Structure formats: C-alpha cells, structure tokens
Amino acid sequence: MTPRFLLWLGLAALVVGLDQLSKQAILARFRYGEVWPVTDFFDLVLVYNPGAAFSFLADHSGWQRWFFIVLAFAVSAWMLLLMWRHQRERAQPLAFALIVGGALGNVIDRFNLGAVVDFLYFHVGPYGWPAFNLADSAITLGVIIMLGAQFHASRTPSAEEKLL
C-alpha cells in the first residue's frame, strides 16, 4: 500500500471514529425520543432509523437491516477500489474516503443496534429535515465532492482538445 492510499484510509477511519464517538455521546446522555433544543432551528434528539435515507424501508419486517449492511459493504468495496485507482488525485479519493467512512459508521450501528442512531435535527417551526448523523453528513459531503469533481473533469478540455 502506498502512503497516499493509507492517508485516504486513515481519513475513512477518522470519519468512522468521530461518527461512533458522537453516537456514543448521544446514547449516554439521551433517552429515545428525547429532544434538547440548541437553537430556534436546531435540536439534538435521539432517534433510531432502521431504514435508509429519510427512513426509506424503515417500516418493513427487518430484512432491510441485512440488505443495507450488504449494500454498504458492496459500495465501500467499490469506493475503496476507486480510491486506489485515483489515490494521486485530491477530490475523488477525498470523496470516496468520506463515503466509505460514513457507510461503515452506519453499518456498525446496524450490526450493534439493528438501526442507525440519528441525532441532528434541523427545522423551521413545525417543518423539519429528518434527523441524521455525522456518517450521513460525510456520505452527503462525499457525494457532493464526487459530483463536483466529475463536473469539473467534464468541463476541463483534454490535451487533444487543447491542441485543436
């Protein structure tokens, strides 16, 4: 393994660690459903999400737990391969590391609790965004960076195009 690839793996591990530490802090201080207002638009809460984003498939009988675990491992393996291939770049492996770290952070919850711990809740009056966690934030940021890098690459002329 190259030092650069190890750096990206370290970032993914850091995301997993910070995600798990934040969830453990919430689990130690909150009861399920408890809300602690922080600002007029942000609360800390403790909720469990057995589904995916926005509680997708949350109301099913439990098969989704294993489906999302397998899916997270498959996506993480694919992202690790891409991280290896693009390790000399900056944006793409950064994106892949954030996605892998977030996916594995949530997998740990699914294994241990059968659901993902969510605790960040943003709202405007009675209208709110579904609660989420640091792993979800890392995945979202990773996808944004990945899409931005792809968009930038498609807008950058190739060496052949520059000669024309």
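A residue is called buried when its relative accessible area is under 20%, exposed when that area is over 50%, and partly exposed in between (1.4 Å probe, protein chains only). This structure is a predicted model, in which local features need pLDDT of at least 70, side-chain atom pairs count only at pLDDT 80 or more, and totals for chains, interfaces and linings use all residues. Residues are numbered from 1 along each chain as its sequence is written, and side-chain values use heavy atoms, with hydrogens and water left out. A search of the whole structure gives three salt bridges, each being a side-chain nitrogen of Lys or Arg within 4 Å of a carboxyl oxygen of Asp or Glu.

**The buried network**

- Asp19, Lys23 and Asp109 are joined in a network of salt bridges.
- Asp19 pairs with Lys23 at an N to O distance of 2.8 Å, and the two residues lie four apart in helix H1 (residues 3-29), about one turn of the helix; helices here are DSSP runs of H or I with at least four residues, numbered from the N terminus.
- Asp19 has a relative accessible area of 0% and is buried, while Lys23, at 1% relative accessibility, also counts as buried.
- Lys23 also forms a salt bridge with Asp109, with the closest N and O atoms 2.7 Å apart, and this pair links distant parts of the chain, since Lys23 is in helix H1 and Asp109 is in helix H3 (residues 91-113), 86 residues away.
- Lys23 and Asp109 are both buried.

**The pair Glu34 and Arg31**

- The side chains of Glu34 and Arg31 form a salt bridge at 3.9 Å, N to O.
- Glu34 is partly exposed at 26% relative accessibility, whereas Arg31 is exposed at 62%.
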